[in-house]
Amino acid sequence: MVMKNSKLERYEKLNKLGEGTYGVVYKAREKTTKELYALKKIRLESEDEGIPSTAIGEISLLKELQHPNVVRLHDVIHSNKKLVLVFEFVDQDLKKFMNNFKDKGLDPHIIKSLLYQLLKGIEVCHKNKILHRDLKPQNLLISKECILKLADFGLARASGIPVKNYTHEVVTLWYRPPDVLLGSKHYSTSIDIWSIGCIFAEMVNLKPLFPGNSETDELKRIFKLTGTPCVEKWPGLADLPNWKADAFEKYPGEPLQNICPKLDELGLDLLGKMLRCNPQERITAKAGLEHPYFNDIPDTLKKLYQSN
């Protein structure tokens with residue numbers, strides 16, 4: 001596979017890793033150093049004036065985020081009709097990683113370590129006023145050393161917090177919070193916390209928590225677990241475009257230990273604080289990292305952040 005560009009010629013393309021809305025990702029080897037990289041190739045449409053906004057967003061965000069739990073952007077190659085982002089190569093995503101443990105389940109210490117790293121990565125995003133907006137297992141990379149890295153910032157937005165008037169067509173359905181499903185365009189860092197709660201439960205159970213097949217089905221599955229919300233306990237609920245009080249069955253909710261029986265009491269408490277229907281009640285990434293669930297995080301993991 002030949003790539004015609006002086007910078008691109010340094011890389012030998014090996015195989016396709018995946019394809020998303022915004023580009024194709026290839027595994028490649030740097031010819032001199034033999035280092036492996038992931039090349040994200042974004043085709044530039046001829047009618048576009050320069051680089052597409054999604055790519056510009058991804059480039060500028062990733063240049064800001066130098067962190068162990070955020071995938072590293074090494075280079076940007078702009079050639080005629082295409083843009084190539086050169087990322088560090090990471091072995092697999094969380095979805096594939098979990099598939100390796102379908103028979104015996106994930107060790108509770110591994111779940112805790114990965115969740116801690118996920119919160120660390122999203123905390124630095126939120127500190128920089130960046131919302132990821134598309135957290136799901138396929139967008140979380142896991143290295144051979146079991147280091148988790150946030151990837152695919154194609155939907156991310158730099159913002160003032162709180163965010164106003166963003167599209168509600170964000171976040172893959174199964175990881176989308178109820179406020180966004182109900183049409184809210186006024187959301188903040190809480191959008192990522194809900195997704196992290198869904199991922200946390202999925203690591204414990206090794207199956208998606210809310211695998212809805214439509215927005216209505218997704219809301220029904222959420223309300224069955226959390227209880228159907230009411231305007232008395234959620235100020236602003238009545239103002240959401242898709243909320244109709246008589247449209248949803250009144251579910252009382254279900255104890256989380258019934259859904260995640262393998263999770264200990266502290267883990268259930270943290271999960272419950274992430275999966276609050278009212279976005280104002282969801283725990284922050286910073287407060288999540290200080291939760292007693294993480295009291296026994298090993299020093300070897302903490303050392304990862306000493307220089308950051």
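Guide: Contact here means heavy atoms within 4.5 Å. By that test Leu150 touches Asn69, Val70, Val71, Leu118, Gly121, Ile122, Cys125, Leu135, Asn139 and Leu140, leaving out residues up to four places away in sequence. Keep in mind that this is a predicted model.

Visitor: Which residues have the most contacts inside the largest nonpolar core?

Guide: Leu150 is one of them, together with Leu94, Leu115, Leu119, Ile196, Phe200 and Met274. This core has 80 residues. It draws at least three residues from each of domain 1 (11-88) and domain 2 (92-304). A second, separate core has eight residues, including Tyr11, Ala28, Tyr37 and Ile77.

Visitor: What makes a set of residues a nonpolar core?

Guide: Two conditions must hold: the residues are buried and of the listed kinds, Leu, Ile, Phe and Met among them, and they are joined through side-chain atoms within 4.5 Å. In soluble globular proteins, nonpolar side chains tend to be buried together.

Visitor: How many helices and strands does the protein have, and what share of its residues is buried?

Guide: There are ten helices and ten strands. Buried residues account for 52% of the 308 residues. Take the contacts between residues at least 6 apart in sequence: 64% of them join residues at least 24 apart.

Visitor: Why is Lys40 called buried?

Guide: Buried means under 20% relative accessible area. Lys40 has 7%, so it is buried. Its place is strand S3 (residues 36-43). The unreviewed UniProt entry puts the feature "binding site" at Lys40.

Visitor: How far apart are Ile110 and Cys146, in sequence and in space?

Guide: They are 36 residues apart in sequence and 8.4 Å apart in space, C-alpha to C-alpha. Cys146 sits in the loop between S8 and strand S9 (148-150). With a relative accessible area of 22%, Cys146 is partly exposed too.

Visitor: What makes the phi of Cys146 worth a remark?

Guide: Most residues other than glycine have a negative phi. Cys146 is not a glycine, yet its phi is positive, near 65°. Arg133 also has a positive phi, about 75°, although it is not a glycine. Arg133 is in the loop between strand S7 (130-131) and strand S8 (140-142). Its relative accessible area is 4%, so Arg133 is buried.

Visitor: How do you know that the span of helix H6 agrees with expectation?

Guide: The expected span is 1.5 Å times one less than the number of residues. H6 (residues 215-226) has twelve residues, so it should span 16 Å, and its end C-alpha atoms are 16 Å apart. The two values agree. After H6 comes Gly227, whose phi is positive, near 95°.

Visitor: Which residues of H6 are buried, and what covers them?

Guide: Asp217, Glu218, Leu219, Ile222, Phe223 and Leu225 are buried. Their cover includes helix H4 (178-181), H5 and helix H7 (256-259).

Visitor: How do you know that Phe223 is buried?

Guide: The limit is under 20%. Phe223 has 0%, so it is buried. Leaving aside neighbours within four places in sequence, its contacts are Pro178, Thr228, Pro229, Trp243, Phe248, Tyr251, Gly253 and Cys277. The C-alpha atoms of Phe223 and Glu254 are separated by 9.2 Å, and these residues are 31 apart along the chain.

Visitor: Why is helix H5 described as largely enclosed by the rest of the structure?

Guide: Count its buried residues: they are 15 of the 16, so H5 is largely enclosed. H5 covers residues 190-205. From first C-alpha to last it reaches 23 Å, close to the 22 Å expected at 1.5 Å a residue. Leu206 follows H5, with a positive phi near 55°.

Key:
Residues numbered from 1 in each chain as written. Predicted model: local features only at pLDDT ≥ 70, side-chain atom pairs only at ≥ 80, totals over all residues. Heavy atoms only, no water. Helix = DSSP H or I, 4+ residues; strand = E, 2+ residues; numbered from the N terminus. Buried < 20%, exposed > 50% of the residue type's maximum accessible area, 1.4 Å probe, protein only. UniProt positions renumbered as here; feature names shortened; annotations may be inferred. Domains from an automatic or database assignment.
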